[in-house]
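Q: Before we turn to the details, could you show me how to read charged pairs and helix packing in a model like this one?

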Amino acid sequence: MDAGHRKRYADLVRLVVRHGHRDLLTGVQVDEFLTEEGVVADVEGGEPERLAADLERMGPTFIKLGQLLSTRVDLLPPPYTEALSRLQDSVEPFSVEQVRQIVQAELGAPVRSLFSEFDEAPLAAASLAQVHRATTRNGRDVVVKVQRPGVREIVRDDMEVLGSLASKVDRHTEMGRRYGIDNLLAHFRRSLAGELDYRQEAQHLIRFGELTAAYPHLVVPQPVLELSTSRVLTMDFAAGRPVTTVGPLGLLDVDTRPLVEELFSAYVRMILVDGTLHADPHPGNVLLTDDGRLALIDFGMVATVPRRVRAKIIKLLLALSDGDGDEAALVLAEMGHPLAGYDAARFRDDVSHLVSTAVALGGEVEAGGVLLELSRLSGTHGLRPPAEMAMIGKTLLNLDQVTTHLDPDFAPAEAIRDNLEELLRGGLSVSLSGAISSAIEAKDFAAQLPRRANRIMDALSEGELAFRVRTIDEVRFVSVLQRLANRLTTGIVLAAIVVGAALMMQVPTTSRILGYPAIAMLFFILAAIAGAILVGWILVTDRREEREARRSREE
């Protein structure tokens, strides 16, 4: 590990200790990084706002990590997720000379040859990139997103440090194995790598443009592909302001009901029917344009919602609309991965209480808030929900904030119920390949069913039907019993030798060692040597068994 990595490693270890999670590092062998500075700053539980500030100071990788963790309500308590959701990704802009050099290196021509106008003052500057307004040679009004110099190298080095620590935490700590820190980091790595490749973001813009084409009040800026690479993205300029910054007076001349209905319907359909999720939802990414439409921007982080998760979410929304807490708990149990200590009965009771409370609110219930609370409840009871569920909840919650600001009378829960029929049609539809695969499986099942049924009935009539149930590993169980019996027998024999030697101490003899009968001393020495061998054998075999058991659990 070079000096730069070692310093970053030490910063990360101190961050964990500073915020009250020294237990996460128990057994990880990082004591040399726990300097007095880190130990003195250790506080009980840590403060959410201070954690957010520390992540901001550590740079772009940790800002993005904090933003991801803000969606994992099943892992962190509410004060932390709220503080992390407010992380500010704003830094000092880099020079326009560097911007020109990057654009020329990526696009193969000087800025003045590619654009008739190029604003040297950036519209915004973030930790990964900054944005400049420009006009193409054919008069198209665009913005140019330029990646910050050296940011890929910084992210790569940070991910190496995070990966090294995460793998140690997973191998050596119960908390790491319980929450799957390494898997969480792998998901984050894929997401951040995609965000650093602007070719992917260009494709996301095209995809979301297609998904919103049927909604006349929604617009997604489209990329200029011939002026875009992995480090430079050129796209249409959306003239407008974030909806949350527009006051009541500014909304007087705007018919907001069609806007919120189309926005909510489009996002719900994109998530639950098309399986495409904006993984970085934020009210600031929705602009009210000068022509009275809503512009959706910043599609660097986009996730895919698997069909199985979509189907479960639809079932969950149906259970919530019916006020069926037991069904909601059953769906959540099917979606999640139970951990040690999971109590199904208590979980069902708490989910039923949450659902009944949410239904009692009627049209005022926030679907996103309920999904987040269900994710949090799952984590509390030892049931790890899929990561997409918390992201969907976070997206719907941010949509609730936007729609409430634009139209306080809009009821998201009622809108979801009104769209359930369409969601069901989309969720139950299957592709041609899926239908063909299901048909082949059904044909094989129908063809083999009579033969298999005959075999079962023949075995039953002849008294040969048998069931084999594997409750324990019989071979291992017998081996353990045999080893235990051997140890017990050896201990009894050694005890008998010691007792016999003690009795022989009274035998008169001329052969003596250190003033004691020689035969008695020989038996004492034999018992001591055999006892030491037995203790050593027990320690060696137990440690070997423990290592093998740990290796099998990891596999």
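Q: Is arginine 57 buried or exposed?
A: The model is a predicted one, and accessibility is read against cut-offs, with exposed meaning over 50% relative accessible area and buried meaning under 20%. Arginine 57 has 62% relative accessibility and therefore counts as exposed, whereas aspartate 54, at 5%, counts as buried.

Q: With which residue does arginine 57 form a salt bridge?
A: Side chains of opposite charge can pair when their charged atoms come close. Arginine 57 pairs in this way with aspartate 54, the closest N and O atoms being 2.0 Å apart. Both residues belong to helix α3 (residues 48-58), where a spacing of 3 residues corresponds to about one turn of the helix.

Q: Which parts of the chain are linked by the pair of glutamate 201 and lysine 145?
A: The salt bridge between glutamate 201 and lysine 145 has its closest N and O atoms 3.0 Å apart. This pair links distant parts of the chain, since glutamate 201 sits in helix α11 (residues 198-211) and lysine 145 in strand β4 (residues 141-147), 56 residues apart. Glutamate 201 is buried, with a relative accessible area of 2%, and lysine 145, at 14%, also counts as buried.

Q: Where do the side chains of glutamate 334 and lysine 315 meet, and what is their N to O distance?
A: They meet in a salt bridge with an N to O distance of 4.0 Å. The pair again links distant parts of the chain, with glutamate 334 in helix α14 (residues 325-335) and lysine 315 in helix α13 (residues 307-322), 19 residues apart. Glutamate 334 counts as partly exposed at 41% relative accessibility, and lysine 315 counts as partly exposed at 33%.

Q: At what angle do α3 and helix α5 pack?
A: Two packed helices are described by the angle between their axes and the distance between the axes. For α3 and helix α5 (residues 78-85), the angle is about 35° and the axes are 8 Å apart, and the crossing is right-handed. On the α3 side, the contact is made by Pro48, Glu49, Leu51, Ala52 and Leu55, which meet Pro79, Tyr80, Ala83 and Leu84 of α5. By class, this contact of α3 with α5 has 8 nonpolar residues, no polar ones and 1 charged residue.

Technical notes:
Residues are numbered from 1 along each chain as its sequence is written. This is a predicted model: local features need pLDDT of at least 70, side-chain atom pairs count only at pLDDT 80 or more; totals for chains, interfaces and linings use all residues. Side-chain values use heavy atoms; hydrogens and water are left out. Helices (H or I, at least four residues) and strands (E, at least two) are DSSP runs, numbered from the N terminus. Buried means under 20% relative accessible area, exposed over 50%, partly exposed in between (1.4 Å probe, protein chains only). Axes are lines fitted to C-alpha atoms, for helices over the stretch in contact, and angles run from 0 to 180 degrees between N-to-C directions. A crossing is left-handed if the near helix is turned anticlockwise from the far one by less than a right angle, and right-handed if clockwise. Contact means heavy atoms within 4.5 Å. Ala, Val, Leu, Ile, Met, Phe, Trp, Tyr, Cys and Pro count as nonpolar, Asp, Glu, Lys and Arg as charged, and the others, Gly among them, as polar.
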